[in-house]
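Here is a friendly tour of some aromatic contacts and of the sheet beside them. Please keep the structure open as you read.

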Amino acid sequence: MRKFKGGRGRSVDLVAEARADAEQRHAHPQADAGPRARRGAAPTAARPAHTGALIGVLLVLGLVAFPIVSVVIGPASRERIEGYACAVTGCTGPGMATAGWLLITVPFLYAVTAVAFWSRLPGRARTAVAVVAAPLVLGAYLFIPSRRRDLDDLLDGPARYATATGITWAWAGLALALLALLVVAVLADTRKTVPAESRRSVPAERGKAALPPVWAPLVAAGACLAMLGVALGRADPVPVTADLAFPERTFTVAGDTLTRTSADDQRGCAGVLDDDERLAGCVRTVRGSWTTDDSDAVVRLAAVLFPTEDAARERRGPLRSGTAQAGLDGDTADVVSTSKSWVLFVSVGHADGRAIDRADRGHLMWAASQVVYRFIGHQVGLLVAPTPKDGIGPRTP
């Protein structure tokens, strides 16, 4: 294109001039372009920074508060957790081992899942995730042993050994899960860096493997579940069945041999007393009957299990010592007592149900004492024989 000015013509390439002008503007941006861009980007960057600061504050507060809270509410909280688990599982060995495993595993899997999906969560969801994590982590923290206290000191109740087994193997599951996560991540990264010629069907790529976020929770859950199987296989049975509570068909104390004639167990405690509400909150009941070769005494024991010792003492409080079991015939001497989480009802009388004379009461109660001592001995692992006193002793010394 040509342009004429002042009588002299000059060939001007307008396209080249426009291109040069555009390149000049690109090389020297406007003075206010940078600030405008920065001002526009500031709100977007502020939100992650604000969320990260809030999460950091929560973590610091948690590290400071957890030891304090564990000292203040630790014993009561542990008792409530164990009591609730006992009530739900029936206080069986496998059930309580699973409960102990869940105490440690659930917070861990929750944390793994939260980390895996963290980048995809909005700011408010991240705060909610952190808040929910606090009670889960605190619950697990309460059952972590220290230098001054081992795991057996932290646990109580008839199923404490099964619970300890579950907690122990849960920690093994966490270690296995962390190892599995590391191995999978390394193998995935190695596969991505292998040259294309060594992989016929997969092209070469750079960087780390683009694994889906769900892979980490799945791998961790698989490792932890494997250790749950080991815990269930190694958990000690809890004596909440008749065969475990009364393992001996016969036993002899001070020359007096007692023979078990019947035994049964049930979930709950229906039928132990005339009014079931007096034992509300019970978990299981084991019963047994014994006869003795020293006399015609018949001893009937009903042991009612409660989730905690406090619950057992609370239910025992209003019961008179002479409270009789439901469904018994004839004259009986009745005693109510507690042993840890158990409320014990023992009734003794003559085999034919006749009235109990004052002269017979001593040796009848002696037979009842032997049965109660034997039951408690199997619960605590220490068999101790009763001592004759206060007119209670064998019929034939």
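## Aromatic pairs

In this predicted model, the count of aromatic pairs comes to three. One of them joins Phe246 and Trp290: the ring centres are 5.1 Å apart and the planes stand at 90°, so this pair is edge-to-face. Phe246 sits in the loop between helix H8 (242-245) and strand E3 (250-253), while Trp290 belongs to strand E5 (residues 284-292), so the contact ties together parts that are 44 residues apart in sequence. Are these two residues buried or exposed? Phe246 is buried, with a relative accessible area of 4%, and Trp290 is buried too, at 3%.

Phe246 also pairs with Phe375, with ring centres 5.9 Å apart and planes at 50°, so this pair is tilted. Because Phe375 lies in helix H10 (residues 358-380) and Phe246 in the loop between H8 and E3, the pair ties together parts that are 129 residues apart in sequence. Phe375 is buried, as is Phe246. Through ring pairs, Phe246, Trp290, Trp342 and Phe375 are linked into a cluster.

## The sheet

Six strands form an open sheet in the order E3-E4-E5-E6-E8-E7, with antiparallel pairing. At the edges are E3 and strand E7 (333-339), each pairing on one side only. From one strand to the next, the twist averages 25°.

Within the sheet, E5 pairs with strand E6 (residues 297-305) in the antiparallel sense over eight bridges. Gly288 is found opposite Leu301 of E6.

## Helices on the sheet

H10 packs on the sheet and touches E3, strand E4 (256-267), E5, E6, E7 and E8. Its direction makes about 150° with that of E8. Helix H9 (residues 309-316) lies across E7 and strand E8 (342-350), running at about 155° to E7.

Conventions. Residues numbered from 1 in each chain as written. Predicted model: local features only at pLDDT ≥ 70, side-chain atom pairs only at ≥ 80, totals over all residues. Heavy atoms only, no water. Phe/Tyr/Trp six-rings, centres within 6.5 Å; stacked < 30°, edge-to-face > 60°. Helix = DSSP H or I, 4+ residues; strand = E, 2+ residues; numbered from the N terminus. Buried < 20%, exposed > 50% of the residue type's maximum accessible area, 1.4 Å probe, protein only. Pairing = 2+ DSSP bridges. Axes fitted to C-alpha atoms, helices over the stretch in contact; angles between N-to-C directions. Contact = heavy atoms within 4.5 Å.
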